[in-house]
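This briefing concerns the structure shown below. Please read the points that follow alongside the sequence and the coordinates.

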Amino acid sequence: MNTQLAGTGALLRLALRRDRVMAPVWILVVAMLVLSLPGSLESVYGTAAERERLLATMTANGSLRALYGPVFGDSIGALTAWRGGVFAGLLAGVMSLVIVVRHTREEEESGRQELLSAAMVGRRAPLTAALLAALTANAAAALLVTAGLAGRGAAGALALGLGIGATGMLFAALAAIAAQLTESARLAKGLTGAFIGAAFVLRAAGDAGAPDGGSALTWISPLGWLEHVRAFAAERWWVLALFAAASAAQLAAAYALAARRDVGMSFLPARPGPARGRLGSAGALAWRLQRGALLGWSLGFLAAGVVFGGMTDGATELVGDNARTREIIERMGGQAGQAGQGVLADAFLATMAGMLAMVAALYIVSAVLRLSAEESGQRAEPLLANAVGRLRWAGGHLAVAFGGSALILLLAGLGLGIGHGEDIGGAVAATLGQLPAVWVIGALAALLHGAAPRFAVAAWAVAGAALALGWVGPALNLPQAVLDLSPFAHLPKLPGGQDPSWAPFVALTALAAALLAAALTALRRRDLAA
């Protein structure tokens, strides 16, 4: 057994060094998502009567339960667990899959794992090091959450922290299985991401139909288990045993699969050629490589739009006469100081449109950074050795990234309009109106790849910062100067709100074009990554 794990420590140190920027950013995002909530919730629901009214409203509102889950207690700690627990677990799962796949399947794709395996490295060492790196990140996030909420109740803080960390590790084990089954890191991430999405959908469907969260669908989902830990509300410690048992079973399966395959091989082999259709251009190749991911994002955004649109009436009912909640929604929706239930509905739709656009920034970053994956995987060099220039090669991927972001926002707008049942055109305008800001973030990712490919991963931090500012900034009442660091803060909020001006749309689109020009110029002048 010792020889099987030889070199684990060295590989773990290498993994932590490689993740020294990415992992802390993820950890802070997961922790701050939770820790930013108690203060704002206390200002919104400061009295026992307001919290009791919230519980009654949530019990009767299936659409909001589908998003956040049921409320199990009326303390600020319980409301924090209700409002942020599921989303923190979701982000911890995504963080874990990125870390595990990066240090397993991506290493094999690049050829580095084969070189390392030629040294004194045990067969199980790479997978063990990747899982330990994920464990380190999840433990750090759990520790921050526990320490930050300890003042609200030590037992509840520990339960929530452990639940979030356990959720991340369960999906880390699932990613370890996917890394053995699939032929590429992209497929491993896609498969694990699909399971995470399915877990959220199952939990949402179960919670929508059962006010107490007791639906069988909720219990099928690991995110439903996280809810049923019931942090700050008569904690159910035994639910953590479900995470431990499921993770142990998945880890056993991952190690069994790893022992039965060679480095670089998979249990789901590549589809044999020749490829169907024509690959007569670099753009056609880029489309073939990215169309699966774009299809998944498109379906997800359409479904999310329908769900959020259907929540509009329930959200305005939940707000009621709560001035602080109304202020936050109106500020996020760009209609502060106006009155009326219709205005509040428009502000909520504008808020949802902005949130979907900020999530779309994650798509455009992932699509643009496919250039980095192709280059570091040494698949770009043979292509560029033929009659394909760098600009044509990069242009194909950038066209899919920027055009794809427009497509998913269009579908999100259609979903919002269909779900709300009113003014589909206005909902589409609301989502597409955020497109220039998404393009700016995509152009920054392209510039990082073109000018400093080693630091291209920092584009995730840019998108994450914009998401964090838009998500929790208004609730924390951050200064406008801080909110203005995000390109989304400079665009008018639609529908309703102030009369839109073309100036910010033109300015941000011009900025994106300038950044793209600089990115392509830098790409032409540098050597390909080794």
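Which residues have the most contacts inside the largest nonpolar core? They are L160, I164, F243 and F488, in a core of 137 residues. The model is predicted: local features need pLDDT of at least 70, side-chain atom pairs count only at pLDDT 80 or more, and totals for chains, interfaces and linings use all residues. Residues are numbered from 1 along each chain as its sequence is written, and side-chain values use heavy atoms, with hydrogens and water left out.

**Overall architecture**
- The protein chain has 26 helices and zero strands (DSSP runs numbered from the N terminus: H or I of at least four residues for helices, E of at least two for strands).
- Of the 530 residues in the protein chain, 51% are buried (under 20% relative accessible area, with exposed over 50% and partly exposed in between; 1.4 Å probe, protein chains only).
- Among contacts (heavy atoms within 4.5 Å) with a separation of 6 or more, 75% join residues 24 or more positions apart.
- The protein chain exposes about 22200 Å², of which carbon and sulfur atoms supply 66% (Shrake-Rupley method with a 1.4 Å probe; for residues, only the protein chains shown count as cover).

**Nonpolar core**
- A nonpolar core is a set of buried Ala, Val, Leu, Ile, Met, Phe, Trp, Tyr and Cys residues joined through side-chain atoms within 4.5 Å.
- In the largest core of 137 residues, helix α18 (residues 341–368) contributes the largest share, 15 residues.
- Beyond four places in sequence, L160 touches V34, A81, G85, V145, L149, A231 and F232.

- S298 is found in helix α15 (residues 282–310) and counts as buried because its relative accessibility is 7%.
- The side chain of S298 reaches the backbone oxygen of L294 at 2.7 Å; leaving aside neighbours within four places in sequence, S298 is in contact with L407, I408 and L411.
- T312 lies in helix α16 (residues 312–319) and counts as buried because its relative accessibility is 0%.
- T312 and A345 are 33 residues apart in sequence, with their C-alpha atoms 6.1 Å apart; not counting residues up to four places away, T312 touches A345, F348, L349 and H420.

Technical notes:
Polar contact = N/O pair within 3.5 Å; in protein donor to acceptor, adjacent residues only side chain to side chain.
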